[in-house]
Amino acid sequence: MTNTTHEHQHHGHGGHDHGSHDHDSVDWDAMGESLEEEGTVVAPMLEEILGWVDTIVGDDGRAPRRILDVGSGPGVGTVSMLQRWPDAEAVAVDAGQGLLARADRRAADRGVADRLTTIERHLPADLTDLGRFDLIWVSMVLHHLGDGTEAVRTLADLLEPGGVLVAVDFGDPMTFLPEDLDLGRPGLDQRLEEAVGRWLRHGHGHDEVPDDATVNGDVDALARAAGLEVVAVRDFRLRLESPLDVPSRRLLAGHLRRLQTVLADGLDPDDVAALETLLDDTHADGVHHSDRVHLDTSRRVHVIAAPTA
Ligand SMILES: C[S@@+](CC[C@H](N)C(=O)[O-])C[C@H]1O[C@@H](n2cnc3c(N)ncnc32)[C@H](O)[C@@H]1O
């Protein structure tokens, strides 16, 4: 039985800057198809991450029974976890109703719908009514949640004793250009990632973030500030060689388009022009056609222990 409840909780977030990356200014629902496709492209890395998590949580033979996937999106991770741990049930929470509908469909297609509950909520909504969890999965979401310290603390409070919070976020910067591609100054991908770093450190448009909050995806610092212990951390990497297939090209284009939106003011004109060329779907050097672009992306995964009483 798929049990979808819709409990949209509106928070008065008005007045975000144009570069805001919060749920209110990114139309996540409209991104459902691309999020699902991106999930498929990075699936080999997801499986590796889950295999590693399994060695940690399954250490004493105890596979997780209750899983919370925070900001689940279309449920690519949720469904993979349900497939990996056949005795587990999962609750997927997201602010996007259309995304949760995708998660439900995905679970049904893969025969795990009876173990999935999807709940529409906009964090930092209260989740304490959902009960306690052995595994809380928060993948590519923390950097959207404004005050990350507070988010990590309140999520960890939902853990069963001995449970773990697994935070998946950006690892090393994504690279995609060969050194000698004649497209403006060399080193564009590094400069883009540096500009993202500056943007994240400056609160990326969250107008509710306290000045001293850590919002930049530095999960070690978040956990320390929240008084929690990081029990394991590891980087995972996916490298797809050129020529890329169509879904990988679309993933790259989506990534660059998001950068173009949020970094408009943080790049010099040459780099803005190079980004336009890369995204031009009629240009031979653009990521849709060039046989020279590759995709090298990574994730840093932190496993955080439940708070000790
Ligand atoms: C980059 S996607 C990650 C999806 C999935 N966890 C994954 O790893 O592929 C970010 C997700 O966080 C959700 N999200 C962003 N801000 C949120 C908020 N304040 N409350 C609930 N969900 C939010 C978005 O709807 C989106 O599904």
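Because the model is predicted, local features need pLDDT of at least 70 and side-chain atom pairs count only at pLDDT 80 or more, while totals for chains, interfaces and linings use all residues. Numbering starts from 1 along each chain as its sequence is written.

The protein chain holds nine helices and eight strands; helices (H or I, at least four residues) and strands (E, at least two) are DSSP runs, numbered from the N terminus. Of its 309 residues, 39% are buried, that is, with 20 or more other C-beta atoms, placed from the backbone, within 10 Å of their own. Among contacts with a separation of 6 or more, 77% join residues 24 or more positions apart, a contact being two C-beta atoms, placed from the backbone, within 7 Å.

Around the ligand sit 20 residues, with Trp-28, Gly-71, Gly-73, Leu-123 and Ser-139 coming nearest; a residue counts as near if its C-beta atom, placed from the backbone, lies within 6 Å. Helix 1 (32-41) and helix 3 (76-84) are the elements that give two or more residues to this shell. By class, the shell has nine nonpolar, 10 polar and one charged residues. Ala, Val, Leu, Ile, Met, Phe, Trp, Tyr, Cys and Pro count as nonpolar, Asp, Glu, Lys and Arg as charged, and the others, Gly among them, as polar.

Further along, helix 8 (residues 246-262) packs against helix 9 (residues 269-279), with axes 10 Å apart and an angle of about 150°. Axes here are lines fitted to C-alpha atoms over the stretch in contact, and angles run from 0 to 180 degrees between N-to-C directions. Helix 8 brings Ala-253, Leu-256, Arg-257 and Gln-260 to the contact, and helix 9 brings Leu-275, Leu-278 and Leu-279. That makes five nonpolar, one polar and one charged residues.

How values were computed: Buried ≥ 20, exposed ≤ 12 C-beta atoms within 10 Å, placed from the backbone.
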